Amino acid sequence: MPISLEPGSEEHWLYLRQLAHYLRHSRQILAAWDHYSARHSDPETFQPHNEDAYGLRQQQRDADTLAAFGRVYYHADELVYAAEQQLAQLPASDRIRRYAWQVRELHEATECLYTVYNDWLTVRAALPESARPGTLAYEEPLAESYAEAWHYLDQWAIHGEAVFAVNALAERQSKSGAPTAVAALPTPAVAAGVRRGAR
């Protein structure tokens, strides 16, 4: 569906606050996971002492991270779109090119997240009637979906700060009234084409 989020609008600031919450929460989840992994793996081979327990804890990390992404999921493409619009109005520089690369990474991660979710809906629809939440037949494919999504959620945790940096630069330029020199982005923005999962 078409995206028309206005940078600096009330909705934009709401989505930024939701993203800030995710970035804080995801760092806590990752820190807890790193602590667990260090305590329950061989320090030389990095192999877990108990693979079953380790796997279950990893699944919990994946599920917690996806839950933390929560509301951001529904507006991730709009946040990327707004950042792309702002980048296009900022003077070209090495810093802007770095932010443009990070926003492009977020764009790709968002598309992949929506694809993972839609794939899960397809898998869930094909499950037998007996496969209910809490059963192995349901939980195993769900855990696989969470595991696939985690990498893209981690990309948001790694590069999400760029959205705030771009917004701050755009706000500063808007307040200063400085003349605009359009920065050429490495690839054209196609955020309007992102297909979001069901809400």
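Author: Welcome! Let us start with a term: axes are lines fitted to C-alpha atoms, for helices over the stretch in contact, and angles run from 0 to 180 degrees between N-to-C directions. This is a predicted model, in which local features need pLDDT of at least 70, side-chain atom pairs count only at pLDDT 80 or more, and totals for chains, interfaces and linings use all residues. Residues are numbered from 1 along each chain as its sequence is written, and side-chain values use heavy atoms, with hydrogens and water left out.

Reader: Thanks! What is the mean pLDDT of the chain?

Author: pLDDT is the predictor's confidence in each residue, from 0 to 100. Here the chain has a mean of 88, with 87% of its residues at 70 or more. Where pLDDT is low, the predicted coordinates should not be read in detail. Over residues 179-199 the value stays under 50. The model has 54 contacts beyond four places in sequence for that stretch, a contact being heavy atoms within 4.5 Å.

Reader: How many helices and strands does the chain have?

Author: Both are DSSP runs numbered from the N terminus: helices are H or I with at least four residues, strands are E with at least two. This chain has five helices and zero strands, so its elements read α-α-α-α-α from the N terminus on. Among contacts with a separation of 6 or more, 80% join residues 24 or more positions apart.

Reader: Now to packing. At roughly what angle do the axes of H3 and H5 cross?

Author: Two packed helices are described by the angle between their axes and the distance between the axes. For H3 and H5, the axes come within 9 Å and cross at roughly 135°. Arg95, Ile96, Tyr99, Gln102 and Leu106 of H3 make the contact with Ala162, Val163, Ala165, Val166 and Leu169 of H5. As for the wording, angles under 35 degrees count as roughly parallel, over 145 as roughly antiparallel, 65 to 115 as roughly perpendicular and the rest as oblique. H3 and H5 are therefore oblique to each other.

Reader: And which way are H1 and H2 oriented to each other, roughly parallel or roughly antiparallel?

Author: The axes of H1 (residues 10-39) and H2 (residues 51-87) come within 9 Å and cross at roughly 155°, so H1 and H2 are roughly antiparallel.

Reader: Next, salt bridges. How many does the structure hold?

Author: Side chains of opposite charge can pair when their charged atoms come close. The term salt bridge means a side-chain nitrogen of Lys or Arg within 4 Å of a carboxyl oxygen of Asp or Glu. The structure holds four. One of them joins arginine 97 to aspartate 94 at 2.6 Å, N to O. These two are three residues apart in helix H3 (residues 94-126), which means a separation of about one helical turn.

Reader: Where is glutamine 173 placed?

Author: Glutamine 173 sits in helix H5 (residues 161-176) and counts as buried, at 14% relative accessibility. Glutamine 173 and leucine 90 are 83 residues apart in sequence and 7.9 Å apart in space, C-alpha to C-alpha.

Notes. Buried < 20%, exposed > 50% of the residue type's maximum accessible area, 1.4 Å probe, protein only.
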